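Here is a short report on a single protein chain. Read it alongside the structure below.

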Amino acid sequence: MLFVLLPHRKAKPDGYNLPSPSGNAPSLRRKIQVRGRKAGLTGQRAAFRTGCGGGGASAVPRAPERQPSQPSARGGDKEGARSSARPTSSHRPRGPVRLELLSVLLTLSEERAECLFIAKEGRKGCVDGHEGLGDVVFPCEEGLFALLATAVTENLFVATFSLGVRRMDEAAGELKQALPNACDNVQIHVEVHRKSNSTAKKEDIRMSVLKLLSRHNIVFGDYKWTEFDDGFLNSNVQSVSIVDTELKLKERQPIDLSKSSLSIHIFHLNEEGPSVENLEEENEDIVAANHWVLPAAEFHGLWESLIYDTEVKSHLLDYVTTTLLFSDRNVDSNLISWNRVVLLHGPPGTGKTSLCKALAQKLTIRLSYRYRYGQLIEINSHSLFSKWFSESGKLVTKMFQKIQELIDDRDALVFVLIDEVESLTAARSAFKAGTEPSDAIRVVNAVLMQIDQIKRYPNVVILTTSNITEKIDMAFVDRADIKQYIGPPSAAAIFRIYLSCLEELMKCQIIYPRQHLLSLRELEMIGFVENNVSRLSLVLKEISRKSEGLSGRVLRKLPFLAHALYIQSPSVTMTTFLQALSLVVDKQFEERKKLADCV
């Protein structure tokens with residue numbers, strides 16, 4: 001049986017031409033009739049069965065079409081260039097094909113269209129009895145299942161060829177049965193971004209989303225729908241996203257939604273920016289804090305953009321879940337203590353403050369069934385130090401009184417963010433020079449007292465960050481339930497950061513034409529062997545390795561600097577952009593060395 005994956009588009013009655021290496025497998029080059037229908041959601045999979053003979057099980061996804069203005073480049077694999085007949089221009093599949101696991105890689109067609117070839121038994125690639133088509137051999141039973149899982153969930157048509165013609169539903173059923181390792185009994189979070197002008201009832205939206213998920217009940221990791229055949233969803237919903245599956249599963253694998261516990265979170269974004277909280281002191285207004293109503297458009301997508309090696313995100317989410325459980329069950333806090341305080345510490349630029357804001361946004365969405373909205377108060381620590389002696393402690397008390405007013409609204413989930421918390425909680429031992437407490441000691445005492453007062457409320461979480469934990473008073477450190485170190489990203493995390501940046505640039509067509517980059521998992525599956533498909537991904541892996549030591553804040557700037565310093569053109573190829581990215585990484589370390597020499 002031969003599996004051929006084609007990018008999604010409407011089925012045409014006159015079919016496609018299949019590619020084949022010239023001189024190796026001419027019998028592959030035939031027209032096939034594609035029968036089927038578009039299933040449910042626009043852009044989702046459909047499976048088709050036709051009557052066309054095939055040999056060993058394999059998969060050959062088609063590569064994206066180049067625009068006519070782009071000159072075609074002839075190329076081939078390591079054994080020599082091979083050419084093939086292209087499909088007719090009016091029926092050529094479009095769009096990139098993303099596969100999670102690979103086995104045998106080869107290059108086909110006059111346009112160096114990278115194709116993937118999978119042999120079921122792990123033998124040398126064979127189609128219709130012909131061998132010798134592949135560069136690399138990998139026993140791919142696991143890879144085949146993962147490929148089929150991707151085919152069932154990604155924007156692909158799955159064309160299944162066998163000796164007899166069968167109905168499409170049977171073919172789709174066989175594909176799903178080929179996934180014995182599909183996870184079930186997993187809690188899956190589904191975030192439904194509601195349009196701002198929608199007046200539909202939440203329950204109606206929920207029912208429509210459940211129908212959507214019932215039609216597409218096998219997913220492979222996180223997935224997002226933005227277009228729908230359902231008119232009701234098109235009118236009322238911006239997107240439906242299956243999120244945070246990697247927090248529960250160690251590796252990406254198929255998930256059976258029909259056997260999972262689904263938590264559907266429906267939300268709309270607040271488009272207004274932050275407001276300012278002022279405090280009066282001696283007839284002067286002091287900007288004491290910024291205030292957001294959550295979920296805020298400003299923080300949309302922030303959680304997904306933060307990449308860490310350890311289970312930082314899952315630990316923080318589980319921590320808040322446990323605080324709610326203990327509060328709901330009325331656990332005696334005199335016997336078992338928790339303070340609702342989180343301390344994120346580490347060097348500058350590692351995303352501590354961004355993680356706090358993203359966590360507040362994520363929890364507001366997750367807990368929307370019990371809190372109508374969220375409130376985020378970011379305290380301006382430095383402004384609370386008064387120029388008048390002994391007044392700073394009073395300013396802290398006034399600030400927390402305003403926070404108390406927000407907490408009293410039981411429909412609101414309140415997050416208090418104290419960035420650079422060492423400014424308000426400096427170690428008191430450093431100030432014990434005299435018998436009269438200094439103003440700094442008054443501030444520390446006031447902060448600790450206010451935390452002890454508000455911790456008994458179930459709808460508040462205190463999020464704090466610090467770059468220099470040795471300066472923090474130990475009484476505050478003891479009050480923090482979680483003390484999480486956030487360090488510079490590893491090479492693997494850097495690779496994922498760069499990958500997300502490159503995907504964005506390809507989406508905006510600054511990098512053109514689009515190239516499929518393999519993940520580290522995919523590179524590992526092929527043994528990091530270099531060929532036409534893996535070459536650019538291996539270049540990115542090397543750039544990631546030499547970027548170790550740079551903070552996440554710097555890494556996110558580098559694609560911009562690479563374009564500004566070394567490209568300056570509206571669009572650029574992936575190869576050229578990676579060369580510029582490598583140069584700008586070298587430049588960062590050169591500038592660091594010069595700054596260190598000056599100091």
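Leu565 sits in helix H14, residues 552-566. The model is predicted. Leu565 counts as partly exposed, because its relative accessibility is 42%. Together with Tyr566 and Leu583, Leu565 makes a nonpolar surface patch of about 270 Å².

Lys587 belongs to helix H15, residues 574-598. Its relative accessible area is 29%, so Lys587 is partly exposed. Setting aside neighbours within four places in sequence, Lys587 contacts Leu565 and Tyr566.

## Overall make-up

The protein has 15 helices and 22 strands. Of its 599 residues, 53% are buried.

Take the contacts between residues at least 6 apart in sequence: 77% of them join residues at least 24 apart.

## Helix H3

Helix H3 covers residues 202-215, which is 14 residues. At 1.5 Å a residue it should span 20 Å, and its end C-alpha atoms are 20 Å apart, so the two agree.

Which residues of H3 are buried? They are Ile205, Ser208, Val209, Leu212 and Leu213. Seen down the axis of H3, these buried residues fall within an arc of 140 degrees, so they line one face of the helix. They pack against strands E10 (187-194), E12 (223-225), E13 (237-243) and E15 (261-267), and against helix H4 (231-236).

## Salt bridges

The whole structure holds 15 salt bridges. One of them pairs Arg366 with Asp244, with the closest N and O atoms 2.9 Å apart. Arg366 lies in helix H7 (residues 352-366) and Asp244 in the loop between E13 and strand E14 (254-256), so the pair ties together parts that are 122 residues apart in sequence. Arg366 counts as buried at 12% relative accessibility. Asp244 counts as buried at 6%. Both belong to a network of salt bridges that also links Glu191, Glu304 and Lys362.

Asp452 forms a salt bridge with Arg479, and here the closest N and O atoms are 2.9 Å apart. Asp452 is in helix H9 (residues 439-454) and Arg479 in helix H10 (residues 474-479), so this pair ties together parts that are 27 residues apart in sequence. Asp452 is partly exposed, with a relative accessible area of 31%.

## A pair within H15

Asp597 and Lys593 meet through their side chains in a salt bridge of 3.5 Å, N to O. Both lie in helix H15, 4 residues apart, about one turn of the helix. Asp597 counts as exposed at 56% relative accessibility. Lys593 counts as exposed at 56% relative accessibility.

Methods
Residues numbered from 1 in each chain as written. Predicted model: local features only at pLDDT ≥ 70, side-chain atom pairs only at ≥ 80, totals over all residues. Heavy atoms only, no water. Patch = residues over 30% accessible without salt bridge, like charges linked within 9 Å, V, L, I, M, F, W, Y side chains within 5 Å. Areas by Shrake-Rupley, 256 points an atom, 1.4 Å probe, with all protein chains shown as cover. Salt bridge = Lys/Arg side-chain N within 4 Å of Asp/Glu carboxyl O. Helix = DSSP H or I, 4+ residues; strand = E, 2+ residues; numbered from the N terminus. Buried < 20%, exposed > 50% of the residue type's maximum accessible area, 1.4 Å probe, protein only. Expected span 1.5 Å × (residues − 1). Arc of directions from axis to C-beta. Contact = heavy atoms within 4.5 Å.
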